[in-house]
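Reader: I'd like to learn how to read a structure like this one, feature by feature. Could you walk me through it?

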Amino acid sequence: LINATNLSTIHAMVLSVSGTISFAGSTGVAVSIGVSVARNFIGYGLTGGYTPIEVKAYIQDSNINCGGALSLIAQEPTNELFALSTTFINTLDDAGTQDEDDPDTVGVYEDQIDAANDLTLLGQLKAEFQTKGVTLSNDLVVTIIKEGSEWILRDRYGKGYKITKTGSVLNIENTMLINAEVLSGSVAIAGSGSTAVSLSGAGVYVENKIATIVKSYLDNDLIKDIFADAISIRALDGSTITVTAGAASVAGAVSGSAGVAVSIGLAIARNEINNIVEGYISDADNLNTAAGGVLVEAISNAVIHAISAAASVSIGGGGTAGVAIGGGGAIAQNIILGKTNAYISNSDLEITGGNLSLLAQNTSEIHAIVAVASAAAALGGTAGVGVSIGISVAINRIGWEADYLYTTNSLNQMVQSGDTVK
């Protein structure tokens, strides 16, 4: 068995909070701005350039006489470890639900009770992992991807495990993942006897990218012989990005004469997985199996879970005039690209006692929730003006990217380093 595995994990939480309060006898002005930015890359350089991680399991230009089965496996990043009983479903769902949302706890000390309960539940899960030979650190965190069927378990060092309900068991896998939580909040309040102006803005930008090349292959460009009972060549990918981007902004202005409040909240999330997964046999002039078949397999299951949410509240009040303007925007762009190939080329195979199987499979998924809420209220003795705008945009693409400079039909063009061609 030749097995190549790379298990990389990024866990990032970025939080910014800004607040300002202003009160004056004549004129009060309050301005508050909160901004959070996170950029997490696996297989990309600091400037965002494509420098994919390579994971390869291969045999090249070699004579091989194997008395048993010959297996080559390249996996990036999923590695199935073991199975658990489905009795742990409630444990995972409960531990992944916090504070007032937890149905098992009520009362003024609910957060403390919930934390204690979660610690007990996760201790039981940690002990079960230990019986399987996997030691977890403390400070475990459960993220619910799909309640009752899919979770991410992380320890204090960010090491991730993907847990998926399959039939009557829970499959535990090591996983390459980027898990990012980026939040921003801003509050501005102004009050005065004459004029009050309040400006509040909150913004979030998060960008996550994964790029890998996963190859499992047998390449005998020179004339070499390979003998084995059976041959399996597998290239597997299961990259996952889970991201939450949230921005909230509140502005309030109250005065004896004129009150003006402006609040803006904006959340932007951009996620991309661009992997090449290949399993193949090339230039094998004399490949023989004595008691089994030949399996060549390439499987890709890239998944993006994205939540982008923004909220804006603006309240303006004045004895003469009140003006309130609120704007909220949430944008999520999710792209899955790459190739999944399984093939045999320029080879002479003699198979005894088995079948020849080729499988190329891509089951990539994108799950996106984009939500925005905006409210504006204005009160004035003479005039009250309230304006509220909410915009949400979701762009989800699998196998297609719009950003390119040229196409293959472009004529008389000089392509420079960094240019993109479709």
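Author: Happy to. Let's begin with surface patches: a patch is made of residues with over 30% relative accessible area and no salt bridge, and like charges are joined within 9 Å. Please keep in mind that this is a predicted model.

Reader: Which residues form the negative surface patch?

Author: Asp221, Asp225, Asp285, Asp348 and Glu350 make up that negative patch.

Reader: Is Asp225 buried, exposed or partly exposed?

Author: The general idea is that buried means under 20% relative accessible area, exposed means over 50%, and partly exposed is in between. Asp225 has 31% relative accessibility, so Asp225 counts as partly exposed.

Reader: You mentioned E14. How should I read the sheet that holds E14, and what is the order of its strands?

Author: In general, the strands of a sheet pair through backbone hydrogen bonds, either parallel or antiparallel. Here, four strands form an open sheet in the order E5-E14-E18-E22, and the pairing is parallel. Strand E5 (64-65) and strand E22 (349-351) are at the edges; each has a single partner strand, so one side of each lacks a neighbour in the sheet. E5 and E14 run parallel and are joined by two bridges.

Reader: How many bridges pair strand E16 with strand E20?

Author: Strand E16 (residues 240-255) pairs with strand E20 (residues 303-318) in the parallel sense over 16 bridges. Thr240 has Val303 in E20 as its bridge partner. E20 also pairs with strand E24 (residues 365-380), again parallel and over 16 bridges. On that side, Gly317 stands opposite Leu379 in E24.

Reader: Now salt bridges. What cut-off applies, and how many are there?

Author: The idea is to look for a side-chain nitrogen of Lys or Arg within 4 Å of a carboxyl oxygen of Asp or Glu. By this rule there are six salt bridges. In one of them, Arg39 is joined to Glu207, with the closest N and O atoms 3.1 Å apart. Arg39 lies in strand E3 (residues 27-42) and Glu207 in strand E13 (residues 195-219), so this pair ties together parts 168 residues apart in sequence. Arg39 is partly exposed, with a relative accessible area of 43%, whereas Glu207 is buried at 8%.

Reader: Which residue does Lys215 pair with?

Author: Lys215 forms a salt bridge with Glu278, and their closest N and O atoms are 3.7 Å apart. Lys215 is in strand E13 and Glu278 in strand E17 (residues 258-282), so the pair ties together parts 63 residues apart in sequence. Glu278 counts as buried, at 11% relative accessibility. There is a network too: salt bridges with shared partners join Arg39, Glu207 and Lys209.

Reader: Last one: where does the nonpolar surface patch get its residues?

Author: For such patches, nonpolar side chains are joined within 5 Å. This one covers about 590 Å², and its members include Leu266, Ile325, Val385 and Val393. Strand E21 (321-345) and strand E25 (383-398) each supply at least two of the patch residues. E25 gives the largest share, with five residues. Val393 is found in E25, and Val393 is partly exposed, with a relative accessible area of 32%.

Conventions
Residues numbered from 1 in each chain as written. Predicted model: local features only at pLDDT ≥ 70, side-chain atom pairs only at ≥ 80, totals over all residues. Heavy atoms only, no water. Pairing = 2+ DSSP bridges. Areas by Shrake-Rupley, 256 points an atom, 1.4 Å probe, with all protein chains shown as cover. Lys, Arg positive; Asp, Glu negative; His and termini not counted. Charge placed at Lys NZ, Arg CZ, Asp CG, Glu CD. Buried < 20%, exposed > 50% of the residue type's maximum accessible area, 1.4 Å probe, protein only.
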